[in-house]
Amino acid sequence: ATSLFSTTTTIFTMVKSSNLLAAVLSPWIAASTFPIPPFQTPGQKAVLEYWRPIAAKASEEATEEVIELFNSKKFRDTISGCCSELLAYDGRKLLELLQDEFRAAEYSHGFRVLPTDPWQPTGLFDPELGEEYGFLMNQYQANMTANKSGPIQNPQVLRGMPPLPPNENPTFLAEENIFKLPHFRDASNPTWAEAASRMVYVAQNLRRLSYSTHPAFGEGVLVLDNDFVKDAMLAAPTDSGWWEISCNHTWLNNFSLDQNCPAWKPQVLGTWDHFNHILLKNLKLWQLPIKKNSTKRHSIEEVAETLFRRSPLIQGYPRVHNATAADIWQYWETNIVGNIPFPKGVRFVIGSFSELFGTVHGRRLQKFAKTFGWPMVWAFTDFAHDAFEQKKGPFSTETTFNLTGRFLDPSPFVAEVVNASYPAHSLSNFEKLWEVAVRERIAGGGNISEGGLTKLWRKAYESQLKMAPATATRCGGLAHIAHRCVGYTLPDEMCVCARSSEDSPKTIIV
């Protein structure tokens, strides 16, 4: 592989002054240097085999503690205000119901669409790389292919910050020290084969956020096919990069999320089949101080209440409680130890209304979804990135957001692949508002005011097919995994799923 890389690079250097020859040779060079890897490499399979018996033992050992928590008077008193319907179930049944929802939840990878996203480092996956190579790249693969040079430029944590050496890079350290992924012989210059044995970062959306993951991860989201990726999943009870920074102090030594760090020691991961310990560790880790600089922390029952009040066990999506800034970070990190192929590894795409609606980049995301035949939805996040850096801080339990707004894109490429029944004039209303957004962004130098965005969103949302995330009991199917469904409609709760061969090719307008 090294010899091939050297040869193709030399050829390309010789002819790069000729646009014609470069255009002819570029696809051959890319395919030769960066061949599409298998879904799982031997190294990835070995890591999963290592963790399965460990996760099974840890999950079994945690089961009775979880049930005891859910049966406790303090827990039941705590959830009585938000979730009184759950009091009908004992602790064991609550755990079983939550296990079903774990498997039906959205598993989401955020990615950048805007080329100037200040939150994202250079060299990450984007629609162009997805269309060129046809699989969801991890950060090392994307960096190598984006630079077209083989050796990676050490991934940054955020654009504008200096590159981090491997021994200070929190994600790199988490991958080797926590997940036990194969070691790079040269951490600053992994081979393409070594990069293929790492993982894709994924957040689980058990709290039913409209955007499915944290918007800091990019303006687009790929919601994965649960059935396809389930056996390649390794779960951590918190964001492993944040844990490395805040608890292991591998970077930003003076920074802390105030997580209850001792709760996740030792760092044992979970799998699709065995995760009761991850549930318990997640609740314990997020026992944050009751206020800034306080030594008193929220109880585990209070943390559990924040999960249940937005969980699918609460009937009726619009009535779920607002999410706090801290809630949005409390996902399980359910990473996929594999190279996820397109299109079959993905269920649908989410676009950020706030960042992309009325832009050429929004059209670019639509084209990406159309290329692979994926449905697409738009979500409004109630806030901009900088909302998390304002007075109360990014992990405040005081600042709240609704995060339930989502609608199905009415474009023909979506209507052709789902069994949706759109409201009348959905497409024309969508396109008219798109043009309004274009004009407002031009007038605002590329931005729309917060009030203008909210007004646009309300008009769009009211004229489109409103959506909620699929759950185990709504569109989950017999296996409770919702692997073909985008979600269900509001308020009539009709499932919107990928068409089967028996579906009518015509979209019904009501």
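A residue counts as buried at under 20% relative accessible area, as exposed at over 50%, and as partly exposed in between, using a 1.4 Å probe and protein chains only. The views below come from a predicted model, in which local features need pLDDT of at least 70, side-chain atom pairs count only at pLDDT 80 or more, and totals for chains, interfaces and linings use all residues. Residues are numbered from 1 along each chain as its sequence is written, and side-chain values use heavy atoms, with hydrogens and water left out.

**View 1. Helix α5 is largely enclosed by the rest of the structure.** Helices are DSSP runs of H or I with at least four residues, strands are runs of E with at least two, and both are numbered from the N terminus. Helix α5 covers residues 91-104, which makes 14 residues. The distance from its first C-alpha to its last is 20 Å, close to the 20 Å expected at 1.5 Å a residue. That expected span is 1.5 Å times one less than the number of residues in the helix. Of the 14 residues of α5, 10 are buried, so the helix is largely enclosed. Among the buried residues are G91, L94, L95, L97 and L98. Q99, E101, F102, R103 and A104 are also buried.

**View 2. Strands β5 and β7 run antiparallel.** Two strands pair if DSSP finds at least two bridges between them. Here 4 bridges join β5 (residues 233-236) to β7.

**View 3. C82 and C83 form a disulfide.** A disulfide is a pair of cysteine sulfur atoms within 2.5 Å. A search of the whole structure finds 4 disulfides. If the bonded cysteines of the protein chain are numbered in sequence order, the pairing is 1-2, 3-4, 5-7, 6-8. The sulfur atoms of C82 and C83 are 2.1 Å apart. The torsion about their S-S bond is about -90°, so this disulfide is left-handed. Both C82 and C83 are buried.

**View 4. A disulfide joins C247 to C261.** The two sulfur atoms are 2.0 Å apart. The link of C247 and C261 is left-handed, with -75° about the S-S bond. Both cysteines lie in the loop between α11 (240-246) and α12 (276-285), 14 residues apart. C247 is buried at a relative accessible area of 12%, and C261 is buried at 13%.

**View 5. A disulfide joins C475 to C495.** The S to S distance is 2.2 Å. The torsion about the S-S bond is about -100°, so the disulfide of C475 and C495 is left-handed. C475 lies in the loop between β14 (467-468) and β15 (485-489) and C495 in strand β16 (residues 495-497), so the pair ties together parts that are 20 residues apart in sequence. C475 counts as buried at 12% relative accessibility, whereas C495 is partly exposed at 33%.

**View 6. The rings of F275 and W332 form a tilted pair.** Rings of Phe, Tyr and Trp (its six-membered ring) pair if their centres lie within 6.5 Å; planes under 30 degrees apart count as stacked, over 60 as edge-to-face and the rest as tilted. The structure holds 44 aromatic pairs. In this pair the ring centres of F275 and W332 are 6.0 Å apart and the planes are at 55°, so the pair is tilted. F275 lies in the loop between α11 and α12 and W332 in the loop between α14 (325-328) and β7, so the pair ties together parts that are 57 residues apart in sequence. F275 and W332 are both buried.

**View 7. The rings of F353 and W457 meet edge-to-face.** Their centres are 5.0 Å apart and their planes are at 80°. F353 belongs to helix α15 (residues 353-356) and W457 to helix α19 (residues 450-463), so the pair ties together parts that are 104 residues apart in sequence. F353 counts as buried at 0% relative accessibility, and W457 counts as buried at 7%. Both belong to one aromatic cluster, together with F357, W378, F380, F407, F430, W434 and Y461.

**View 8. Charged ends of K466 and R198 sit over rings.** A charge sits over a ring if NZ of Lys or CZ of Arg is within 6 Å of the ring centre and within 35 degrees of the ring normal. The charged end of K466 is placed over the ring of Y461, 5.4 Å from its centre. R198 lies over the face of F184, at 3.8 Å from the ring centre.
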